[in-house]
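Me: Could you walk me through a model I have open? I'd like to look at some helix packing and then a pocket.

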Amino acid sequence: MSRYLHPEVETLPRSRLEALQLELLRKQVERLYHQSAFYRERWAGIPREIRGLEDLARFPLITKADLRQEQQTHPPLGRYTLVPPEGWQEYHPSSGTTGFPVGTVWSRKDAENIAEVTARTLFGFGLRPGDVLLNGFSYGLWVAGMAVHYAAAKLGIFILPVGAGQTERHLELMARFRPKALTATPSFGLYLAEALRARGMDSPLAIGAFGGEAGTENPATRRRLEEALGIRAYDYYGLAEMGPTFAAECEAQAGLHFAEDHYLVEVVDPETKEPLPEGKMGVLVLTHLTREATPLVRYYTGDLAVLTKEPCSCGRTHLRALGGILGRADDLVVYRGAKFYPTQVEQVVRAFPELSSEYRIEVVEEGGVARQVTVVAELAQQREDAEGLAKALQGRLKEALGVTPEVRLEAPGTLERTAFKAKRVVRYVRA
Ligand SMILES: [Zn+2]
């Protein structure tokens with residue numbers, strides 16, 4: 001059996017893939033211009049003719065704040081919601097934000113496409129018809145639980161629809177049906193592993209796909225998941241506004257492949273908002289090529305990534321975000337003319353075997369300007385020559401960041417363990 005569910009799409013040569021994207025983009029832009037007052041207003045004065053994919057850069061970015069304002073002004077879902085209510089299948093709000101939630105609806109066709117793309121990812125992880133899948137993604141308003149459920153049904157997989165939490169139920173069904181795969185957040189995956197160990201149970205799993213929060217892209221976390229559950233752990237990415245599970249790792253675990261036949265993927269400079277070439281870290285900007293109900297063109301995600309179109313050893317041609325999602329653009333530190341992200345500090349800290357993998361960046365700001373930046377790292381074990389080690393770390397940070405931060409080393413186990421959605425940058429404002 002093939003390693004791809006949709007080989008004709010997944011291995012389409014890039015020239016043909018980009019020709020397909022261009023055709024879909026032209027149709028989407030024309031449709032939105034004619035049917036949506038929201039887009040017509042935003043695109044006033046912009047030439048609509050699209051000769052190549054690079055012409056997309058003419059169109060303005062859309063932020064979550066723009067969508068929130070539009071939905072509040074034009075309830076219930078704003079003027080970019082194009083399918084009439086009788087064509088809606090289900091509602092999914094944005095998650096984890098304060099204030100008015102931005103709503104998204106899937107038309108029946110949208111739900112069908114989401115199920116197709118998600119089925120492709122499950123197949124890529126190694127699931128086959130007749131396998132058993134324990135779905136630990138939350139069911140209901142959150143997007144990923146439903147997407148995995150629909151995809152499993154499509155593939156002929158036996159699904160145990162437990163959802164998030166309910167650890168005892170997960171354990172009972174693991175013992176009873178010996179599922180091959182688990183879908184969950186990485187923190188729940190680690191929690192389940194602990195619960196199995198505490199009860200002296202073995203893990204029946206061979207595959208884990210983790211999303212909904214950061215973690216799996218971190219090598220140390222991935223190793224913990226793989227060892228504790230006896231699995232290959234894969235990273236998954238999605239967003240309520242854009243859709244669930246449209247970017248996933250393949251068996252090579254070499255970055256997130258995007259479903260480029262449904263999504264157009266760009267990376268832009270967080271400050272100038274200009275498109276960046278492959279290999280440069282910037283903010284992911286996504287465009288729906290096929291979405292019917294709540295289509296977005298150039299949605300500014302705030303998530304940082306580095307893209308590559310280099311061929312992957314799996315044979316898939318769809319572009320990848322190397323190392324997964326690398327953090328949030330809000331975490332940029334500007335200090336004495338240098339600019340850096342926590343991931344750059346992380347790479348330096350984790351190259352020191354004498355240090356634990358925990359770290360924090362403390363920024364003291366005055367009048368909106370960073371006056372002092374301290375990298376706080378933690379000793380793996382208590383030691384005498386901590387001062388020399390601090391100096392060595394400072395030197396390496398200077399090379400990597402182009403600026404010299406203060407360095408402080410804490411005793412082992414001092415820094416808070418919040419491996420997931422860990423807050424790496426702590427800002428203090430000096431009056
Ligand atoms: Zn691949």
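Reply: Gladly, bearing in mind that this is a predicted model.

Me: Which residues in α5 and α6 meet?

Reply: From α5, the contact includes Ile114, Ala115, Leu122 and Phe123, and among their counterparts in α6 are Val148, Tyr150, Ala151 and Leu155. By class, the contact of α5 with α6 has eleven nonpolar, one polar and three charged residues.

Me: OK, and what's the angle between α10 and α11?

Reply: Helix α10 (residues 342-349) packs against helix α11 (residues 386-401) at about 140 degrees, their axes being 10 Å apart, and this makes α10 oblique to α11. The crossing of α10 past α11 is right-handed. Gln344, Val345, Val348 and Val349 in α10 meet Leu393, Arg396, Leu397, Ala400 and Leu401 in α11, a contact made up of seven nonpolar, one polar and one charged residue.

Me: Switching topic: what volume does the second largest pocket have?

Reply: Its volume is about 380 Å³, and of the 19 residues lining this second largest pocket, Leu53, Leu264, Val265, Glu266 and Lys309 are the closest to its centre.

Me: Which element gives the most to that lining?

Reply: Strand β10 does, with four residues, while α2 (14-35) and β10 (263-268) each supply at least two. The lining of this pocket divides into eleven nonpolar, one polar and seven charged residues.

Methods
Residues numbered from 1 in each chain as written. Predicted model: local features only at pLDDT ≥ 70, side-chain atom pairs only at ≥ 80, totals over all residues. Heavy atoms only, no water. Contact = heavy atoms within 4.5 Å. Nonpolar A, V, L, I, M, F, W, Y, C, P; charged D, E, K, R; others polar. Axes fitted to C-alpha atoms, helices over the stretch in contact; angles between N-to-C directions. Parallel < 35°, antiparallel > 145°, perpendicular 65-115°, else oblique. Left-handed = near helix turned anticlockwise from the far one by under 90°. 1 Å grid on protein atoms, 1.4 Å probe; cavity = no way out; pocket = protein on both sides within 12 Å on 5 of 7 lines; lining within 4 Å. Points joined across faces, edges and corners; volume = space filled by probe spheres on them.
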